[in-house]
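Visitor: Could you walk me through this structure, taking a few residues and strands in turn?

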Amino acid sequence: YLLDKEKGAIYKYQGSQGEPRPYLAADTAPDFGNAVSMAIDGAVWVLFSDGRITKFIQGAPESVTIVGIDGPLSTPTVLFADDESEQLYLLDKGNRRVVVIKKDGTYVSQYQWEGITDVVDMIVSEKEKKILLLSGSKIYAIDIK
């Protein structure tokens, strides 16, 4: 999948030699100008710099509202989901935390760490119960409880 901010499009590639095809429904024309992260778990999730999350299923958008969170997101930069994760993970650099929400938007927990302001990427293994944070040339781990 490829998110094209300028064209307001998401393209899906079929195989390594395949031509990209538009993924979004024909009547969908979202503004991806402030999109900061995309994750795929069967659905396509897009995180925006203002904390909005949009979920696309078969190209159709669904807004996800975060409910029960301890204070609003501030400078969210990374959204993580994959086909093995049951939850979504948001790197909230402004609040120096990783926020965990259910895929319906319900707040689950958060993990705070002062070093998060320097983190540039994040992956999660629920199986291993680890959140891995990339900062410079180092990888830091947070245990999922």
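What follows is a set of questions and answers about this predicted model.

Guide: Because this is a predicted model, local features need pLDDT of at least 70 and side-chain atom pairs count only at pLDDT 80 or more, while totals for chains, interfaces and linings use all residues. Residues are numbered from 1 along each chain as its sequence is written, and side-chain values use heavy atoms, with hydrogens and water left out.

Visitor: Which side chain of opposite charge is nearest to E126, and how far away is it?

Guide: E126 lies in the loop between β12 (121-125) and β13 (130-135), where strands are DSSP runs of E of at least two residues, numbered from the N terminus. E126 is buried, that is, under 20% relative accessible area with a 1.4 Å probe and protein chains only.

Visitor: With which side chain does E126 make a polar contact?

Guide: Contact means heavy atoms within 4.5 Å, and, not counting residues up to four places away in sequence, E126 touches E84, S85, E86, Q87, Y89 and I144. A polar contact is a pair of N or O atoms within 3.5 Å, of which, within protein, one must be able to donate a hydrogen and the other to accept it, residues adjacent in sequence counting only if both atoms are side-chain atoms. The side chain that joins E126 in such a contact, at 2.7 Å, is that of Y89.

Visitor: Is Y89 buried or exposed?

Guide: Y89 has its place in strand β9 (residues 87-92). Leaving aside neighbours within four places in sequence, its contacts include V78, F80, V98, M122, V124 and I131. At 1% relative accessibility, Y89 counts as buried.

Visitor: How many residues has the largest nonpolar core?

Guide: A nonpolar core is a set of buried Ala, Val, Leu, Ile, Met, Phe, Trp, Tyr and Cys residues joined through side-chain atoms within 4.5 Å. In the largest one, the residues with the most contacts inside it are Y89, L91, V98, M122, V124, I131 and L133, and β8 (76-80), β9, β10 (97-102), β12 and β13 each supply at least two of its residues. Apart from it lies another core, of 13 residues, among them A43, W45, L79 and I101. The count for the largest core is 15 residues.

Visitor: Which residues of β5 are buried on each of its faces?

Guide: In a regular strand the side chains alternate between the two faces of the sheet. Strand β5 (residues 44-48) has 5 of its 5 residues buried. Its faces are both covered, with V44, V46 and F48 on one side and, on the other, W45 and L47.

Visitor: Which residue takes a positive phi in the hairpin of β5 and β6?

Guide: Two strands pair if DSSP finds at least two bridges between them. Strand β4 (residues 35-40) pairs with β5 in the antiparallel sense over 5 bridges, and in their hairpin, with 3 residues between the strands, G42 has a positive phi near 115°. β5 also pairs in the antiparallel sense with strand β6 (residues 53-57), over 4 bridges, and W45 stands opposite K55 there. In the hairpin of β5 and β6, which has 4 residues between the strands, the residue with a positive phi, near 95°, is G51.

Technical notes:
Buried < 20%, exposed > 50% of the residue type's maximum accessible area, 1.4 Å probe, protein only. Lys, Arg positive; Asp, Glu negative; His and termini not counted. Salt bridge = Lys/Arg side-chain N within 4 Å of Asp/Glu carboxyl O.
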